[in-house]
Amino acid sequence: MHDLDRLLRQDRHWVHPVTALLQHEAQGPCIWKSADGIHLTDIHGKRVQDAFSGLWCVNAGYGQPSIVEAARRQLETLPYATGYFHFASEPAIELAARLTSLAPEGLTRVVFGQGGSDAVDTAIRLVRYFFNATGRPEKKHFIGLQRGYHGTSSNGSGLTALPLFHRYFDVPTSDQHHIPSPYPFRHPQGPDDANVLCSTVKALEDTVTAIGAHNVAAFICEPIQGSGGVIVPPGGFLKAMRDTCDRLGILLIVDEVITGFGRTGPMFACEAEGVSPDLMTLAKGLTSGYAPMGATLISEHIYAALAEAGKDGTALGHGQTYAGHPVSAAIANATLDLYLEGGLLANGLQVGAYFQQQLKQLESLDCVGEVRGRGMLAALEFVADKHTNAKPAAALQFGQQVLKHAFAEGLVFRAFADDILGFAPSLNYTKADIDTLLAILKYAIEKAAASAR
């Protein structure tokens, strides 16, 4: 108990991310002590099933021996190596080659970083560099989607389109714009996929026209909007965005930080529609969360312009100390082995189909307006009235109440502020694990609904 008291006192020095700070001071942290498989155990010994893979990232599950061993070997052999000044390490070289071989066709070069936020920041910087270097310096404007999430860097947070990440941060800037989310369940024209898709294409066209195509650099989107509420666009969305960007003469950036590495089924969600973006951002499942790492993949024609701009010997002025870190790269390589040779991708496909099927049955509950998702990524949206799809009263904090009851029964997931629950089980789940998740979730929903009456 004395150790717990010490930790609680010391926690006051940690400014926790995306947390109501005064509320945190009042209630204190839930301190995780250990993890194994799909479970987390807190400092009191309470064991819970983690149905959110940490923060959408522990795709391989906890305690994978091959990943731990790869990290140990690399720490003992070469714990750090810079990628600056023509230096390199074997794990990072190997990883770059593997990623480009797995990525959509045309993405031939990799810029490493530490996570999703700086992967997006790198994409923004390289797009600006590309257009400046190719004599089009006026192309400075970026367009994203409402409810999109692209991290919290000074640049990327403006392309994120969730109010919490704009409040008091002076973003978005004047060259950052957003068009309506392709959100069928709450689309003004109704849930018809064709209408949603057409209106999204038109919104992009109209926004580019208003700004001037000669001023617009790129459009950025997630294949499925994660932190915006696991919004699943209609089929053909990425293909339509690719075609529209090509027609308008702007670049396409696809943010696969959440959707990559089997989260939606295939290695990358772009594969489902045969789309090759100009830039693609990765993180999270890249190392299964075992170490920080991100990557921005770029097409050969962008790389060629970056290289040509330095033909006089001038270096590309971008990078970070830990970019291509050999330990993170070794972990990523071991994680890729599990996805491919270890059967995790195949298991995720099979169990993901079962997960979607079983979760969908909860739409029979009066308070559940929609269940949506793909593979091992899903959301459940609550309503107060199924005829109007009106939200529950904000004061009820209905989603938070469901999470509280579920946690008490040994299950954790994400409860968004607008009464949407998010789920991202790891790819090592079994169908029996899904059954446990659903049983606890249904109980928690019914208990919260009874309390709200």
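In which sense do E8 and E9 pair, and over how many bridges? The two strands pair in the parallel sense over three bridges; strands and helices here are DSSP runs numbered from the N terminus (strands, E, at least two residues; helices, H or I, at least four), and two strands pair if DSSP finds at least two bridges between them. The structure is a predicted model, in which local features need pLDDT of at least 70 and side-chain atom pairs count only at pLDDT 80 or more, while totals for chains, interfaces and linings use all residues. Residues are numbered from 1 along each chain as its sequence is written, and side-chain values use heavy atoms, with hydrogens and water left out.

An open sheet is formed by four strands in the order E1-E2-E3-E13, with mixed pairing. Its edge strands, E1 (32–36) and E13 (411–412), each pair on one side only. Strand E3 (residues 47–50) runs parallel to E13, to which two bridges join it, and Gln 49 stands opposite Leu 411 in E13.

Aromatic contacts were assigned between rings of Phe, Tyr and Trp (its six-membered ring) with centres within 6.5 Å, planes under 30 degrees apart counting as stacked, over 60 as edge-to-face and the rest as tilted. The count by this rule is eleven aromatic pairs. The rings of Phe 130 and Phe 131 have centres 5.0 Å apart and planes at 65 degrees, so this pair is edge-to-face. Phe 130 is buried at a relative accessible area of 5%, and Phe 131 likewise counts as buried, at 2%. Phe 261 and Tyr 339 form a stacked pair, with 6.0 Å from centre to centre and 25 degrees between the planes. Because Phe 261 lies in the loop between strand E8 (251–255) and strand E9 (279–282) and Tyr 339 in helix H11 (residues 326–340), the pair ties together parts that are 78 residues apart in sequence. Phe 261 is buried at 0% relative accessibility, as is Tyr 339 at 1%. Ring pairs also link Phe 52, Trp 56 and Phe 416 into a cluster.

The axes of helix H8 (residues 193–211) and helix H9 (residues 237–248) come within 10 Å and cross at roughly 25 degrees. H8 is therefore roughly parallel to H9 (angles under 35 degrees; over 145, roughly antiparallel; 65 to 115, roughly perpendicular; the rest, oblique). Axes are lines fitted to C-alpha atoms, for helices over the stretch in contact, with angles from 0 to 180 degrees between N-to-C directions.

In the loop between helix H7 (156–159) and strand E6 (176–179) is Pro 172, and the peptide bond from Val 171 to Pro 172 is cis, with omega near 0 degrees. Asp 170 is found in the loop between H7 and E6; although not a glycine, Asp 170 has a positive phi of about 60 degrees, and it counts as exposed at 70% relative accessibility.

Notes:
Buried < 20%, exposed > 50% of the residue type's maximum accessible area, 1.4 Å probe, protein only.
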